Amino acid sequence: MRHRDDDLSPFRDDPVVKALTGPATEAELADEPQALEAFRAAVPQRRRRRPAARIASTTTAAVLVVAVSGGAAAAYTSNLPDSWQQKLHTELHVIGVPAPHHHKSAPPSPAPVVAAPTESLPPTPAPARTGVVTPTPRSTPSSVPSSVPPSPRVSSTLPVTVPTPSATPTPTPTPSTTPSPASGAQLTMAVSPGTRVTVGTPLTVSGTLKAAGGTAVANRWVALAERVVGQPGWHRVGAVRTNADGAVTISAPAVQRNVRLLLRSRGHVRSPVTKVVVIPLIHLEVAPASAGARTTTVTMTVSGAEAGDVVAVRNRAGNRQMRLDASLTATFTVPASQFRTLHYRAVVLRTKAHAAHALPFYVPPSGTATGT
């Protein structure tokens, strides 16, 4: 017999053809009597004189093979491939074999179940070459021709758990307190020309800033503050930066009253307080005694004192005291001798604003020039 295009012999080893032509199972033959009875009732009996070869056509033979075998139940439920289902429907539509459902949608794939995260972690990039390879679905080549499509299959992709390295918590940086370069430092101070100066003398204050280990602290601001007697609080009078040796030199205003000086820098670094004492200036005028006079006049003017300060003229014979007037002047009458020179001392008594000071002078004999 010559080969026909619809001959199934080339596909006798195909699993689908084997399944269709093989012996039926008990489940498939459960409704065989009812199917045959319906077939006999629906198909009119053919005349015997019809050639048997007509029944043996390829399409009809295939239909009979499917109908007699276990494929009858599959045909009634439209579970055959579309091409076979269409052929059976064409031949056996009278007994209720349905047409293929071309627009039947495949059952939806079950959505992968994603477990709710139990802990919120920052996204961590998957390490390269971890050794876990996610299989990629590949189509398996089939020997079934395109006319017989393979049976539909549903692929279920199971979630593959890729081990993610546990995130190591990064320690929170603790703000470290960087000690100031001058922490525990020492600041020395010296006053020039000294701590006892004449009123109106300008001062020069020098100092050195060193760390606790004795290292010089450079490029740090050092300020000079003063507290004048009789005035409230400290007042800043100047500031400079330390040089490479940690030294500073600051000029202070000319002093008029006793004052306390202090050098200080950032970080509560302070030098010891230095007290500068002011020495007042005394100016004397001794009037010449006329010949034979027993007294003379001495006028005392004090710079650096205040009105009301006590001044005195002293000698071996006694002590005469007065208070300075508003012009800071006091006038004394002192004894004079006709035969010898008398020696005296003009004294300014100490106060809070200045130190005590004394200036010697003499009164020549009457009728001669005056000396101091």
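Tutor: The protein averages a pLDDT of 76, and 63% of the residues score at least 70. This is a predicted model, so local features need pLDDT of at least 70 and side-chain atom pairs count only at pLDDT 80 or more, while totals for chains, interfaces and linings use all residues. Residues are numbered from 1 along each chain as its sequence is written, and side-chain values use heavy atoms, with hydrogens and water left out.

Now for the part to look at closely, the largest nonpolar core. A nonpolar core is a set of buried Ala, Val, Leu, Ile, Met, Phe, Trp, Tyr and Cys residues joined through side-chain atoms within 4.5 Å. Buried means under 20% relative accessible area, exposed over 50%, and partly exposed in between, with a 1.4 Å probe and protein chains only. The core has 24 residues, and Leu203, Val205, Leu209, Leu224, Leu261, Leu263 and Val276 touch the most other members. Two or more residues each come from β1 (186-192), β3 (203-210), β4 (221-228), β6 (247-252), β7 (259-265) and β9 (274-279). Strands here are DSSP runs (E, at least two residues; helices are H or I, at least four), numbered from the N terminus.

Leaving aside residues up to four places away in sequence, Leu203 touches partners including Val191, Val197, Ile250, Val255, Leu261 and Val276. Pro193, Gly194 and Pro253 are also among the residues that Leu203 touches.

A second, separate core has 22 residues, among them Leu284, Ala305, Tyr344 and Val363.

For the strands further along, note that two strands pair if DSSP finds at least two bridges between them. An open antiparallel sheet of 3 strands has the order β10-β11-β14. β10 (281-286) and β14 (329-335) are its edges, each with a single partner strand, so one side of each is left without a neighbour in the sheet. β11 (residues 295-303) and β14 share 7 bridges, and Thr299 has Thr331 in β14 as its bridge partner. Another open antiparallel sheet has 4 strands, ordered β13-β12-β15-β16, with β13 (318-323) and β16 (357-363) at its edges.

Key: Contact means heavy atoms within 4.5 Å. pLDDT is the predictor's confidence in each residue, from 0 to 100.
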